[in-house]
Amino acid sequence: MSPLRQPRSIFVLVLVVAANAFSLHPYPNRHRTAIKSPSHYNQHSSLGRLLMMNGGSGDTKSKSTSVNTSKLLLPITAAVSISLVTLAAFTQHLPGPPIDATAPPPFLSTLPFGVIFAGSCEPYSTSLVLRDLGATLFSIVAAAGFVKSITYPAKLGKLDPRDARKLIHTFSAPLFILVWPLFSNAYGARVFASIVPLLNAIRLFVAGTGAESRNSSDGVDSSTTGSEVELSNAISRSGDAKEALQGPFVYVMVLLFSTFFFWIDNPVGVVSIATMAVGDGLADLIGRRFGASNKWQFNKSKSIAGSSALVVGSLLGSYGLLSWLVWTGTMDPLPYNSFDLLGRLLIIATVSAAVELAPVIDDNYSVPITAGVLSTLLLN
Ligand SMILES: Nc1ccn([C@@H]2O[C@H](COP(=O)(O)OP(=O)(O)OP(=O)(O)O)[C@@H](O)[C@H]2O)c(=O)n1
Ligand SMILES: C/C(=C\CO)CCC[C@H](C)CCC[C@H](C)CCCC(C)C
């Protein structure tokens, strides 16, 4: 692998993002308001879904045209991303496995501050490309299936929407890391894996901007009743679909960033993801159930039960996921014994829990950033 070729890997990802952004651009931001509460789901169980109300006033014909096109948005962007990355790997524009396993990842050489690092790689063989393509397709389907397994009971009124949101929050990122061993040891595998959060970011964009139609109750087009509508209902607290563009969007962007830049080369990504997903998710799920009587004095909306769940969830999530990656041979063992590692992870989890209590900072940013900075200091 010539060092000259390495920046092309970044170039390919930029192309993919640009292609996605281009195809998203034409859609208007049609706001919707959903009446949201568990009882609301029940009230409308005869319809079998939530009512969604369109704030826009466009005519039915233009809505139908937009809706029909928007149905294609996700498949088209998926096809473009997957094809481009696969083509890049086949044509050796993505790096294959390292020749010297101890060499720093060549991706570092593509960063402005990492010019001095340059790894050498074997070609990205056909079997490795097919393996990474298969792992990507499997992860995309598994992600859709997992999200559906939670949004569907929420839609039927069998699951509290707040719990639905937090269950997706707690489990989707760890499940994603659990499938990382399916990917090859090619350096370019991270680009394939990054497609999974990228497509979910687009899905949230579609859900949050209303690019996919509401259900048929508004008389638009019953064939367009969308999983994105179901998704935005399940993950928004207030019922405003635009909430998909807030916490959930940040969540998948953290996943995208960590996958692309840290992947299996650096535990920082795994620890940040586990703290954001398992820790912060359990803080809500446990805190709302067991925290009513033990609120913090200085922040009455958070509890000792919730913060304890964040510490325990982050600690066990980080340790469990790192152990899984090491055990499967996906990640190199860390240079610490279990006791030492648990001690370091405990510090990261405790400080992250303290930062989560800050009332002014959005925990979707503050928790993974804190965990990322601390694990850079303590685990490298
Ligand atoms: N340390 C914590 C964190 C959360 N909670 C519980 O979880 C609820 C939601 O907390 P939080 O995640 O901060 O709420 P939001 O920021 O609104 O939700 P999100 O993170 O999903 O945006 C709180 O009201 C509280 O009942 C808690 O008890 N202790
Ligand atoms: C509701 C969320 C956060 C709120 O704080 C998280 C939204 C998550 C996305 C809708 C789905 C993310 C899927 C993952 C990128 C991939 C999971 C793959 C796995 C194999 C199931």
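Reply: Helices here are DSSP runs of H or I with at least four residues, and they are numbered from the N terminus. The model discussed below is a predicted one.

Me: What average pLDDT does the protein chain have?
Reply: Of the residues in the protein chain, 73% score at least 70. For the complex, the predictor gives a pTM of 0.82 and an ipTM of 0.96. The pLDDT of the protein chain averages 80.

Me: Which element gives the largest share of the shell around ligand 1?
Reply: The shell around ligand 1 holds 14 residues, and the closest are Gly-287, Gly-291, Lys-302, Ser-303 and Gly-306. The largest share is four residues, and the element that gives it is α9.

Me: How many residues of the shell around ligand 1 are charged?
Reply: By class, the shell around ligand 1 has two nonpolar residues and seven polar ones. Gly counts as polar in this division. The number of charged residues is five.

Me: Why does Ser-293 count as exposed?
Reply: Ser-293 is placed in the loop between α9 and α10. Its C-alpha atom is separated by 8.1 Å from that of Ser-303, ten residues apart along the chain. Ser-293 counts as exposed because its C-beta neighbours inside 10 Å number 8.

Me: Which element gives the most to the shell around ligand 2?
Reply: Around ligand 2 there are 23 residues, of which Ala-142, Ala-143, Leu-175, Gly-247 and Pro-248 come nearest. The elements that give two or more residues to this shell are α4 (126–155), α5, α6 and α8. By class, the shell divides into 16 nonpolar, six polar and one charged residue. With six residues, the element that gives the most is α5.

Me: What span does α8 reach from its first C-alpha to its last?
Reply: Helix α8 covers residues 247–261, which is 15 residues. At 1.5 Å a residue, 21 Å is expected. The model is close to that, with a span of 21 Å.

Me: Which elements cover the buried residues of α8?
Reply: The buried residues of α8 include Pro-248, Tyr-251, Val-252 and Leu-255. After the helix comes Trp-263, whose phi is positive, near 45 degrees. The cover of the buried residues includes α5 (161–178), α6 (189–209), α7 (227–235), α9 and α12 (363–378).

Me: Which element supplies the largest share of the side of domain 1 that touches domain 2?
Reply: The domain assignment gives domain 1 as 1–259 and domain 2 as 266–380. Their contact takes 17 residues from domain 1 and 21 residues from domain 2. On the side of domain 1, α5 and α8 each supply at least two residues. The largest share is eight residues, and it comes from α5.

Definitions and conventions: Residues are numbered from 1 along each chain as its sequence is written. Chains are lettered from A and ligands numbered from 1 in the order in which they are written. This is a predicted model: local features need pLDDT of at least 70, side-chain atom pairs count only at pLDDT 80 or more; totals for chains, interfaces and linings use all residues. A residue is near a molecule or strand if its C-beta atom, placed from the backbone, lies within 6 Å of it. pLDDT is the predictor's confidence in each residue, from 0 to 100. The expected span of a helix is 1.5 Å times one less than its number of residues. A residue is buried if 20 or more other C-beta atoms lie within 10 Å of its own, exposed if 12 or fewer, and partly exposed in between; C-beta atoms are placed from the backbone. Two residues are in contact if their C-beta atoms, placed from the backbone, lie within 7 Å. Domain bounds come from an automatic or database domain assignment.
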